[in-house]
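User: Please examine the structure below and answer some questions about it.

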Amino acid sequence: MGGGHTHSHQHSNIDSAEYPEWNFSPGAKWIKGLIKDRTGNFSGGHFSDVNLSSALFTHRLDDSKHIELQRWSAPNLTKPTFEEALKQDFQPAKKGESIGPSCDSNHWYKITVHVPSEWNDYERVQFEFDPGCEAMIYTVDGTPLQGITGGFGGDRRVEYIIPPEARKKGTHSFVAEASCNGMFGVPWNGDIIQPPDPNRNFQLASADLVVPNMPAWGLLWDFTALRELIGTLPGNSTLQNKALTVANAIMNAFYKNDPESIPAARKLADEVFGEKWEERGEGIYEIGPKEAQVWGIGHCHIDTAWCVLWPYRVTQQKVARSWSTQVDLMDRYPEHRFACSSAQQFKWLEQLYPPLFERVREKVLAGQFYPIGGSWVENDANMPSGEALARQLILGQRYFESRFGLRSRVAWLPDSFGLTGALPQIIRGAGMNYFFTQKLSWNNINVFPHSTFNWVGIDGTQVLCHMTPVDTYTAQATAGDINKALTNHKNLESSSTSLLVFGNGDGGGGPLAKMLENLRRLRGTANTSRELPVVHMGRSVDEFFDHLKTSSDAGRKLPNWRGELYLEFHRGTYTSHGSIKKGNRKSEILLRDAEHVATLASIFKGDGYKYPKQTLNDSWEKVLLNQFHDEVPTSSGMVYEDAEKLYAEVRADTEALIDSALRVLYPGSLPLSSTPASGPLTLFAHNTTPFARQDIVRVPLGLGISARDVLQTTSDGKEGYVVFEGGAGGGLVAPGNANFKGLNDVTVDSAGDDHFVLKNRNVQLIVSGGRIKSLFDVQLKRELIPQGQTGGMVIYEDRPNYWDAWDVEIHHLEKPQELKFTNVKIVATGPLRAAVETEIKYGKSSIKVTVMLIHEYLGPPPHPLSTLHFSAEVDWHERHEFLKFKLPLDIHSDVATYETPWGHVQRPTHKNTTWDAAKFEVCGHKFTDLSEYGYGVAILSESKYGFSCQGNVLQISLLRAATAPDAEQDQGKHEFSWGVLPHRGHFLQSFVPIAAYLFNSPLHVRYIPHGGAVTAAVSRVPFLLFGRDSSVILETFKRGDLDSDTKDGPRTIVLRLYEAYGGHVSVHLQINVPGVVAAYATNLLEDDVGAEVLALERTTGEWGEQPGELAIPLTFRGFEVKTIKLVLEKEG
C-alpha cells in the first residue's frame, strides 16, 4: 500500500511541473474568422506602406545617371523587324511619358543601365520596365529574352533580371519593344468582348533599376501559399488550421524595420511546407509520395487571333514574348515543363525570330519544351471538312517532325467549341492515341459526366481522353486548383489522376515564377500532409497519358462516350460572320479541285508541267490558319480583314492552278470567264467529283456559243442555259442537249399577284400569301407541309445572356416573326428552269430571294431528284436579329440527320431530357435531313453551318447581327443559296449526300476557240468505284506528300475515301491510271511503316465493271476513312 502511494505522489509532482497548477492568463482562445480576415492585410492594400509590401525592394533608382532611355515609335501601326527598328533615329525618353495610340502601335526603346558597384553583393538586380502594355526585351543583337506584361493584373511581369556578368561590368545595354495592347487587347470599357478603343494611350509607369529584397519576396510567396491553403481546405481540417496558425505567427514575427525578422518569419512556414523544403529546390518533387494525383504542365494558350482585339500580326509578337519567358523560366526552374501547340506559331517564330527559335529548339531537344497537339493551329472542330481536319494534323505533324525530329502523341484542343465525332479516327490516323480538351466544362445546361474516358468516334475508333477536372487550361497553380483536380474529378472509381494545365493564356504569357514557386510549396505541404493532393512536376503530357493508359488497363476500366462532344454553348458561332463561313467552304472545295486536276496534269502531263506542291501547301496553310477556333467561328474587325485577305489569295492561287492544269489536260482550252475570241466556241466542262451528274449551267450568249447547246434563254436574251451531262468518275463533261431525254419540263404559273406554282414531274411548290403554303410530291400525291403551317423566312430576337457573337440562347425560339415574300414575279418560265423572284423588307434590311425549280438527274429511276433552289441577295442592317429559313414538314421522326466531317450525325428533334433540349441549334455541313420510313426532305447548304430541327420543323440559319466584339458584324451585302430536296426513301436509302456534294461543286466550264474539237489528255476517268449499293465516296485525289518529279524520285497518287452512310460495304476501286506498280492502305501521314499491302487484281464484271481492268478490293466499316497510296513506276 505504502509503495503504491509513494509512486502516485511522485507522478503528481511531475505532472505539476509539466502542467502549471496556477493560471492567471486570459487564455489562447482565438477568433478564427478575424484571424482569417487579418491575413488579407499582410501585403498590399491600405497598409502597404507598413506591411510586407514595404520591404519588397531594397533600392530603386530612376535617374538619368543610372538609366539611359531612348525611344523610336514606328509610324502608322507598322511592325518593323528588330534590324529595321534599330536603324531609326531614336530620341531621348523618360519615365512617365505616354505612348500610343492603342490597337497595335509599336514603340522601341534603347536602354542602358549603370549598376552601382555596391549592388554586386545583392542576390539580384533587375530592371523594372512597365509600359502599361505588352513588351519584349531583346539583347542588343536581336535575341528575344523575355516578355513583359505591364499593369497590375495577375499576369503582371515587369522585371528583367540583369545578368551577373553585366552587374560586375557595371554597364548593361538592351532593347525593349512595347506594343500598345494589353493581354486581352484594348476593349474600350474593359469588357473583353467589346470593340477596342483605338485612341487609348499607355504610360511608361516604371523604368527603374531596382534591388529586390529576395527574402521578402520569398516570404510573400510563403504567405500566399498559406492563404490559399486557408481558403481552399475544409474549415475545420488539421492542415487548414495549421496554415492559419502559422500565417498568424508570421504576421506577429514580421517587423518592417527589422530585416532579421523576415528569415525568422520564413522559418515558421517550414511547419507547413516541411523542413528544409526550400533547400531541396526542384528535388522537392522527388521525396514524399511516389504516386502523384496531380501532374502539373506549364502551358500558354495563345489564341492565334481573337475577335476584334488582336489580329495575326499581334499573335506573332505574343508567341515570341510568351515563349522567350518560358525558356528563361526553364533555366531558373529545372522542373518546369512547357507544352505548346500549333505548328503555325512555331513557323512564325522560325520566320520572324530565328535566334529565339533556336533557343526553343534546344529546349525541345532537352525535353523541357513540348510541341503538342500535332495540328497546324488549335482549330475549330465543327465546321472544317474532314479533309481539312486531316490536313490540320498532317501539316502539323510534318512540321514538328521536320524541325524537331518528333511527332506529337497527344491531340490537344482545349478551347474548341465542340468536337465532331469524326475526330477520334482522324487523330488515330495522324499517329496519336490520346486527346486533351476541357471546353465542355462551359456547358450552360448539362454537366458533362466524365473527366477521363474513352472517346469513341462515329466509326468506332477510340482515343483516350482527359478533360481536366480543374476546368481550365489557364490555371494559376493555386492550392484551389490542385484541390479541384481531385474533388471535381468525375471518374475517381476508375482513374484518380488529373492534369493541371497552368499558366496565363488566351492572350499568352504562360506560367510565371510565382506559380512555380507556389507549386514547390504545395508539394512540400503534400509531402507532410495527406489533406492536399500531391502535385508532381518535371514530366510531360505524353507521360501523363501513358500513365493513364497503364493504370486504366488500356482504357478497359474507363467509361465510354460515343459520338460528338457537343458544346452546350457558343451555338451562334455556326452562323456569325457569314462571309468567313463562305470563304471557308469555297476554299476547301477549290483546294480539292486544284489537287484533283493538278494530279491528273502531273501524271498525264504535257512538257514541263510539275505538280504545284508548294503553292498548294501554302494555300492549305492559309485555310488552316483561318480555321483557328476563334477565327472561322467568330472573326471580326482586324481579324476579319486578315481572314478575307487570305481567302482572296487562296481563291486567286487555286483558280490559277486549276486553269493551268486544265490547259494541260485540254490543250487549247480557256475558262469561260475569260474573254472569248471571235467565232464559234466549243463548250465543255470538267467534273472534279466522282459522281455522274447533269447540270444546267448559265452561259453568256452572243459569244459564239452554238444555238443547239442552248435550250433556254433569260428574259433579256443575254444569257442562256446549257445542259451538261457526265458519267461516274468525273472528267470531261459535254453539253448533252441533243440527247437530253430525261428532262422534266419545269413550269411556273400564277393566279393573281399572290399565288405562284412551280412544278415539274416530281415536285410542286406553291407560294401564296407571301409564304410557302405547299410542297407536294407529284408522283406520290403527298403533301409535305402540314395543314395550317407555312414555310419561308423567319426572324428571331437574338439577345444572348453575354457572349454576343458567340451565343444564341434557347429563349430566342420564343420570339419568332414570320416574314412574307412580297412583289413576287416570274423571272424564268422553263423548260430547264422556272423561277420566281421575291422581296422582303424588314427593318432597315432588304432581302431578295429567287426560288428556282430545276431538274437534276442523279441516278437511274426510281431515284430522280428535284431540288428547289433558293438564292438570296441580302442587304443586312439589323441589330440582334437572327434570320433563318424554316420548313415545317409532315414527317415524324425522333431524330434529324446532319452532315458531319466524313459522315453524319443524328440529333434529337424533341426535348425529352435536358441533353435533348440543349441541341436546339447545331452544326451541320452540306445538308440536314428529316426522314421517316419511306420518305424524307433535306435542306442543302453551300456556305451555312447552323441548323435546327424542333419537332417537325427544319431550319437553316442564315444571318445574325451581333454587336460585340464587332459592332458591324455581318452588316452589308450578302449572297448565298440553299436547296430543298424531297426524296423517296429514308435518308439512308437516299442520294442526299451526293446531291449536297454536287450542290457545292460547280463544274469548271471551258471552251475551245474557233469551234475546235476538245482533245483530252486523259482518255478515261482515272478511278471508278463499283459495288452493291456502294456508299463510298472518293473525297481526295492528290499526289503523295513526299513525291518528287525528279527522274529517280518517288511518284505516288494518294486517294482518300470514306463510307458515308454508316454501314459495312465492299467495293472495287477500278484504276485506269497507267504505271501503277503497288498499292497500300496507309495512315493519314502516308507512312510506309505499318501500311497494309493491297492486292492489285483484275475485275470480273461481277458488279457491273468492265472485266479485265486493274482494281483493288476494299472493305469499309461504317464511316471508315481510308488513305490509299498508289505507287507509280519511276519516270523514264
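Analyst: In this predicted model, pLDDT is the predictor's confidence in each residue, on a scale from 0 to 100. A contact means heavy atoms within 4.5 Å.

User: How many contacts beyond four places in sequence does the model have for residues 858-862?

Analyst: Over the chain, pLDDT averages 93, and 95% of the residues score at least 70. Over residues 858-862, however, pLDDT stays under 50. Where pLDDT is low, the predicted coordinates should not be read in detail. For residues 858-862, the number of contacts beyond four places in sequence is six.

User: Is asparagine 801 buried or exposed?

Analyst: Asparagine 801 lies in the loop between strand 34 (792-797) and strand 35 (816-818). Exposed residues have over 50% relative accessible area. Because its relative accessible area is 62%, asparagine 801 is exposed.

User: Which residue does the side chain of asparagine 801 join in a polar contact of 3.5 Å?

Analyst: Leaving aside neighbours within four places in sequence, asparagine 801 is in contact with Glu809 and His811. The polar contact of 3.5 Å links the side chain of asparagine 801 to that of histidine 811.

User: Which element gives the most residues to the lining of the largest cavity?

Analyst: The largest cavity has a volume of about 220 Å³ and is lined by 19 residues. Helix 13 (386-404), helix 18 (578-603) and strand 51 (1032-1039) each give two or more residues to this lining. With five residues, the element that gives the most is helix 18.

Conventions
Residues are numbered from 1 along each chain as its sequence is written. This is a predicted model: local features need pLDDT of at least 70, side-chain atom pairs count only at pLDDT 80 or more; totals for chains, interfaces and linings use all residues. Side-chain values use heavy atoms; hydrogens and water are left out. Helices (H or I, at least four residues) and strands (E, at least two) are DSSP runs, numbered from the N terminus. Buried means under 20% relative accessible area, exposed over 50%, partly exposed in between (1.4 Å probe, protein chains only). A polar contact is a pair of N or O atoms within 3.5 Å; within protein, one must be able to donate a hydrogen and the other to accept it, and residues adjacent in sequence count only if both atoms are side-chain atoms. On a 1 Å grid over the protein atoms alone, a cavity is a set of points where a 1.4 Å probe fits but cannot get out, and a pocket is an open set with protein on both sides within 12 Å along at least five of seven lines; lining residues have an atom within 4 Å of a point. Grid points are joined across faces, edges and corners, and a volume is the space filled by probe spheres set on the points.
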